[in-house]
Amino acid sequence: MTEYSEDDRERLESYLHIHLKKDERDLSTGDKLEALDKRARNKWIQLAINLAAMIFFGYSFYYDITQLSKAVFWVITGVFAVNVGLIFWQKRQIRELRDWLEAEGGAE
């Protein structure tokens, strides 16, 4: 079993407040894990939408379908790329939070 320091626990508690709604935080560990699984699935959907948008804008810019300037295209691409990075970061937080809840739930 992984030992969590006090700093780790505080960080993971903050993840809990970020990724679960107020009423979901009072649920049992199993229900919290289900809520986190649902949240992780939603992140995959967000990721697919962002990647589709990047492909759409890239395709329309590459084939001169759009009237967007190069600068606007790169700004849009940058925003979507940052968004994709943040989604992966949130998925990592959810996975880490899920592992912690499983470890803590087993200790109860």
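Trainee: Is L68 buried, exposed or partly exposed?
Mentor: Keeping in mind that this is a predicted model, L68 is partly exposed, because its relative accessible area is 31%, a value that falls between the cut-offs of 20% for buried and 50% for exposed.
Trainee: Where does L68 sit, and what does L68 touch?
Mentor: L68 is in the loop between α2 and α3, and, once residues up to four places away in sequence are set aside, L68 touches F57, F61 and I76.
Trainee: How far is L68 from R11?
Mentor: In sequence L68 and R11 are 57 residues apart, and in space their C-alpha atoms are 42 Å apart.
Trainee: Switching to charges, how many salt bridges are there?
Mentor: The count comes to 6 salt bridges, and one of them pairs R9 with E104, where the closest N and O atoms are 3.1 Å apart. That pair links distant parts of the chain, since R9 belongs to helix α1 and E104 to helix α3, 95 residues apart.
Trainee: Which helices does the salt bridge between R98 and D37 tie together?
Mentor: The side chains of R98 and D37 meet at 2.6 Å, N to O, and because R98 lies in helix α3 and D37 in helix α2, the pair ties together parts that are 61 residues apart in sequence. R98 counts as partly exposed at 22% relative accessibility, and D37 is also partly exposed, with a relative accessible area of 27%.
Trainee: What about E96 and R92, how are they placed in the helix?
Mentor: Their side chains form a salt bridge at 3.9 Å, N to O, and E96 and R92 are separated by about one helical turn because they are 4 residues apart in helix α3. Salt bridges with shared partners join D8, R11, R92 and E96 into one network.
Trainee: Last topic: what is the volume of the largest pocket, and which residues line it?
Mentor: The largest pocket has a volume of about 170 Å³, and its lining residues include H19, K21, E24 and R39. Helix α2 gives the largest share of that lining, 4 residues, and by class the lining has 3 nonpolar, 2 polar and 4 charged residues.

Methods
Residues numbered from 1 in each chain as written. Predicted model: local features only at pLDDT ≥ 70, side-chain atom pairs only at ≥ 80, totals over all residues. Heavy atoms only, no water. 1 Å grid on protein atoms, 1.4 Å probe; cavity = no way out; pocket = protein on both sides within 12 Å on 5 of 7 lines; lining within 4 Å. Points joined across faces, edges and corners; volume = space filled by probe spheres on them. Helix = DSSP H or I, 4+ residues; strand = E, 2+ residues; numbered from the N terminus. Nonpolar A, V, L, I, M, F, W, Y, C, P; charged D, E, K, R; others polar. Buried < 20%, exposed > 50% of the residue type's maximum accessible area, 1.4 Å probe, protein only. Contact = heavy atoms within 4.5 Å. Salt bridge = Lys/Arg side-chain N within 4 Å of Asp/Glu carboxyl O.
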